[in-house]
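Let's take a tour of the spaces and the packing inside this protein. Have the sequence and the 3D view ready as you read.

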Amino acid sequence: MSQKYLTFDCYGTLLNEEATYTAIETAATKIGVAPKLARQRFIAYQDDRNNMHPYLDYALLTRNNLIHLDYQFGLEHQFERYYVDVLIAHRSLTPFPEVIATLQTLQQRGYHLIMMSNSSWDIIAANAAALTVPFDVWTAEDVHAYKPDLHFFRTIAQKYGLTATNHWHIAQGYASDIVPADQLGWPSIWVNRNQAAPTTAVRPTQMVTTLDQVLPLLP
């Protein structure tokens with residue numbers, strides 16, 4: 001039987017990022033600025049691909065984000081001093097409740113599991129270990145490109161010989177994953193945990209709200 005492949009986004013799909021954002025809110029509370037606003041601005045900076053070119057290591061990107069928060073709130077070295085705390089929180093992320101059992105089932109069904117993450121070598125090892133299920137792990141550091149850069153996707157497609165019949169891409173990120181998957185003709189499953197609305201005309205092949213809902217779709 002021919003090999004079957006599943007590529008996954010990591011953060012928001014497999015691992016819950018809430019601990020990272022809680023670390024930002026905790027820092028904001030200690031500093032004395034609005035924690036929810038700090039959280040929103042941190043996420044917006046981290047999601048803006050303009051802040052990632054030329055390629056930056058994820059840890060440096062995070063530090064730049066905290067420096068930018070200081071600038072936005074008129075501070076000097078206040079958020080930045082929590083850099084290590086934020087990275088520790090990020091390395092310590094835990095899976096969503098249904099994730100490990102779902103991955104184990106998919107592995108038992110013969111799927112080759114591949115992680116494609118906008119992360120770096122010094123962070124992703126702990127994240128992958130939290131999933132307990134064996135993965136091939138690819139990061140932005142491996143390819144020097146952050147999703148949705150098609151170079152990341154094409155590198156993986158070439159490495160494994162991915163086709164529309166032997167592979168699905170499963171991700172929470174709409175702009176970072178679902179849109180580029182569509183551009184390359186990859187069948188995709190959008191793990192839309194927050195039931196967000198698409199921001200373009202692109203639609204995933206399938207949409208679910210939790211990872212275990214992919215099981216009936218993948219024999």
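## The nonpolar cores

A nonpolar core is a set of buried Ala, Val, Leu, Ile, Met, Phe, Trp, Tyr and Cys residues joined through side-chain atoms within 4.5 Å, where buried means under 20% relative accessible area with a 1.4 Å probe and protein chains only. The model is predicted, with local features needing pLDDT of at least 70, side-chain atom pairs counting only at pLDDT 80 or more, and totals for chains, interfaces and linings using all residues. Residues are numbered from 1 along each chain as its sequence is written, and side-chain values use heavy atoms, leaving out hydrogens and water.

The largest nonpolar core holds 53 residues, and those touching the most other members are Phe8, Leu14, Phe79, Leu103, Leu106, Leu113 and Leu211. This core lies between domain 1 (5–15 + 95–214) and domain 2 (17–92), because both give residues to it; the domain bounds come from an automatic or database domain assignment. Another core lies apart from it and has 14 residues, among them Ile114, Met116, Phe152 and Phe153.

Beyond its neighbours within four places in sequence, Leu14 is in contact (heavy atoms within 4.5 Å) with Phe8, Asp9, Thr94, Pro95, Phe96, Val99, Leu103, Met115, Leu131, Phe135 and Leu211.

## The largest pocket

On a 1 Å grid over the protein atoms alone, a pocket is an open set of points with protein on both sides within 12 Å along at least five of seven lines, a cavity is a set where a 1.4 Å probe fits but cannot get out, and lining residues have an atom within 4 Å of a point. Points are joined across faces, edges and corners, and a volume is the space filled by probe spheres set on them.

The largest pocket has a volume of about 910 Å³. Its lining has 36 residues, with Tyr11, Glu17, Tyr21, Asp47 and Gln172 the closest to the centre. Domain 1 and domain 2 each supply at least three lining residues.

## The largest cavity

How many cavities of 30 Å³ or more does the structure hold? There is 1, and the largest cavity has a volume of about 40 Å³. Lining this cavity are Thr20, Phe42, Gln46, Tyr58, Thr62, Val86, Leu87 and His90.

Definitions and conventions. Buried < 20%, exposed > 50% of the residue type's maximum accessible area, 1.4 Å probe, protein only.
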